[in-house]
Structure formats: structure tokens, C-alpha cells
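Here's a walk through one protein model, starting with its charged pairs and ending with the overall build. Have the structure open as you read.

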Amino acid sequence: MEFADYRPYSEGDDLKGVDWRAYLRHDRLFVKLFVEEADLPIYIFLDTSASMAVGGKFDYGRKVAAALAHIGFVNMDRVSLIAMAEGVAQELSSLRGKNQSWPAFEFLQKLECRGNTSLASAFKRYFAVPRAKGLIVAISDFLDPAGFEPGLRVLRNLRQDVLALQLVSPNDFDIAGADDEVVLVDAENGDEFRQRITPALLSAYRQAFDAHCAAISDYCDKNGWGYVRAMTDASVEALVLRALRKEGLLR
């Protein structure tokens with residue numbers, strides 16, 4: 001309970017709320033008004049699909065999730081950690097209090113990457129049970145075979161606050177040197193595709209990837225959500241203290 005304001009005493013008000021010091025100064029009765037601050041539910045979704053194992057994205061994402069969870073515990077918010085792939089892989093729900101950081105860290109440490117990506121399935125399954133309105137943080141590379149839109153559309157229909165944190169590895173840009181013939185392997189389903197990498201093809205790929213990232217950013221912007229594109233070769237501290245503060249998650 002935090003003090004908000006005063007109002008004049010009215011007949012029938014509880015005398016426990018009267019500020020007697022104000023009465024001595026002004027010879028009038030005033031009642032203190034308080035605001036009850038409810039804890040903010042924070043739902044941290046971490047993508048644990050097989051594609052996250054490429055380029056260090058998974059370990060980076062775990063560190064970010066740990067940092068955000070710790071900040072939530074310090075602020076006495078209620079934090080839920082959800083590992084997602086084709087659905088909800090594991091979850092640790094409704095933790096609150098400064099002493100919950102270590103259980104959260106242990107939960108994140110034990111997670112492993114496996115399976116395909118289906119953001120829509122994961123979000124639908126988790127929110128099939130009514131949840132309190134709060135902040136949803138989605139930590140993912142957003143490399144979903146169905147595209148990122150179906151998953152984010154589920155969150156839009158929930159009318160929750162959302163922060164999309166897209167993890168990008170340097171490997172996502174430089175798949176191979178020019179004029180090399182390579183075998184591209186899908187990290188999630190194992191499909192192989194032999195391709196000769198030419199400068200023109202590599203340039204077109206980079207443009208397509210930039211367009212993919214821009215589309216996610218535009219979608220979030222249209223819905224009034226936060227969006228952060230996080231490079232895994234940057235420090236986690238820089239991401240948490242700068243980028244997330246810019247998006248208003250930290251003050």
C-alpha cells in the first residue's frame with residue numbers, strides 16, 4: 001500500500017484512516033488515501049527449438065531470461081518461465097520474491113534444445129488456461145516454418161503487453177564464403193540441400209533476412225509492442241541495461 005492523497009473526512013469514514021497530525025495543524029479532519037500496488041505477472045517465453053542451438057543463440061537467450069527473471073524478483077513481480085518449441089516443453093510458473101532467483105537459474109540451466117518451432121502452438125497451449133494480464137517476453141530467433149505472424153497473432157488477441165526479443169547470430173548472416181558449394185542442413189528436421197553460394201545469392205539472402213527482421217519489428221510497432229534485435233556477439237549486460245531500458249522495460 002502506497003500513500004496517494006488526502007480527502008476531507010466524511011461521516012462514516014473509519015477513524016483509523018484519519019491523519020491526526022494534519023488535524024492538529026489545520027483543525028480539520030483528513031483521511032489518507034492509499035493505492036494498492038499489485039505485482040506484475042511477467043511471462044518469459046524462451047525458444048528451446050533445435051534452431052536455437054545454432055550460433056550460441058540458446059545460451060545467450062538463457063542468460064537474458066535469467067537476467068529478466070532476477071529483475072522481476074527484485075521488483076517483487078510474479079515471474080513465470082516457459083520453455084517452448086512445438087508446444088510448451090517445460091514451465092516454472094508464478095515465482096515471486098528475491099529468493100526465487102536460484103530456482104529460476106537452475107530451471108534454465110537444465111533446459112535443452114530439441115524439436116521444431118511452432119510459436120502459435122506454444123502460446124495457444126499456455127494461454128488455454130486463463131492467465132492474469134501482464135507482460136509477455138518472447139525470446140526467440142522467430143525462425144518458424146509457419147512464419148512469425150501466427151504466433152504473434154495469438155498474443156495480439158490476448159491483449160497483453162509484449163516484448164519480442166529476436167536473437168540473431170553472426171552465422172545467420174554469413175552462411176558460407178562466396179563461390180563455395182555447401183550442404184545446407186535444416187537444424188530442426190534434418191533436411192539437406194546442396195547449394196553453390198555465389199556473391200549474388202549471398203547478397204539476396206542477406207537482404208531477405210534483413211527484411212524478415214524488419215517485418216517482425218514493424219508488426220510489433222503496429223501493435224504498440226516492444227521489439228529488440230539482439231546480436232549474440234554483443235554483451236548481455238549491454239542488452240539488458242541499454243536496449244531494454246530504451247523499450248521501457250527497465251527504468
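Aspartate 141 and lysine 57 pair up through their side chains in a salt bridge, at 3.1 Å from N to O; the term stands for a side-chain nitrogen of Lys or Arg within 4 Å of a carboxyl oxygen of Asp or Glu. Helices (H or I, at least four residues) and strands (E, at least two) are DSSP runs, numbered from the N terminus.

Before going on, a word on where this comes from: it's a predicted model, in which local features need pLDDT of at least 70 and side-chain atom pairs count only at pLDDT 80 or more, while totals for chains, interfaces and linings use all residues. Residues are numbered from 1 along each chain as its sequence is written, and side-chain values use heavy atoms, with hydrogens and water left out.

Put together, Lys57, Asp141 and Asp172 are linked in a network of salt bridges. Are aspartate 172 and lysine 57 buried or exposed? Both are buried, and aspartate 141 is buried as well. Here buried means under 20% relative accessible area, exposed over 50%, and partly exposed in between (1.4 Å probe, protein chains only).

There's also a salt bridge between arginine 62 and aspartate 59, at 2.6 Å from N to O. These two sit in helix 2, 3 residues apart, or about one turn of the helix. Arginine 62 counts as buried because its relative accessibility is 16%, whereas aspartate 59, at 42%, counts as partly exposed. A search of the whole structure turns up 6 salt bridges, and the table shows some of them.

| Salt bridge | N to O distance |
|---|---|
| aspartate 141 and lysine 57 | 3.1 Å |
| arginine 62 and aspartate 59 | 2.6 Å |

Now for the loop between strand 1 (2–8) and helix 1 (20–26), which is where you'll find aspartate 19. Aspartate 19 counts as buried because its relative accessibility is 9%. A polar atom of its side chain lies 3.1 Å from the backbone nitrogen of arginine 21. Leaving out residues up to four places away in sequence, aspartate 19 touches Tyr6, Phe30 and Lys32, where contact means heavy atoms within 4.5 Å.

Leucine 15 is found in that loop between strand 1 and helix 1 too, and with a relative accessible area of 48% it's partly exposed. Leu15, Trp20, Tyr23 and Leu24 form a nonpolar patch on the surface, with about 450 Å² of accessible area together. Patches are made of residues with over 30% relative accessible area and no salt bridge, with like charges joined within 9 Å and nonpolar side chains (Val, Leu, Ile, Met, Phe, Trp, Tyr) within 5 Å. The areas come from the Shrake-Rupley method with a 1.4 Å probe, and for residues only the protein chains shown count as cover.

Serine 94, in strand 5 (residues 88–95), has phi near 55°, a positive value in a residue other than glycine. Serine 94 is partly exposed, at 43% relative accessible area. Arginine 159 also has phi near 55°; it lies in the loop between helix 5 (149–158) and strand 7 (161–168) and is exposed at 69%.

Glutamine 100 belongs to the loop between strand 5 and helix 3 (101–109). At 19% relative accessibility glutamine 100 counts as buried, and it touches Phe73 and Leu95, not counting residues up to four places away in sequence.

Finally, the whole protein. It has 7 helices and 10 strands. The radius of gyration (taken over C-alpha atoms) is 24 Å, well over the 18 Å that the globule rule (2.2 Å times the number of residues to the power 0.38) gives for 251 residues, so the protein is more spread out than a compact globule. Its C-alpha atoms fill a box of roughly 90 × 30 × 30 Å along the principal axes. Of the 251 residues, 41% count as buried.

Notes: Polar contact = N/O pair within 3.5 Å; in protein donor to acceptor, adjacent residues only side chain to side chain.
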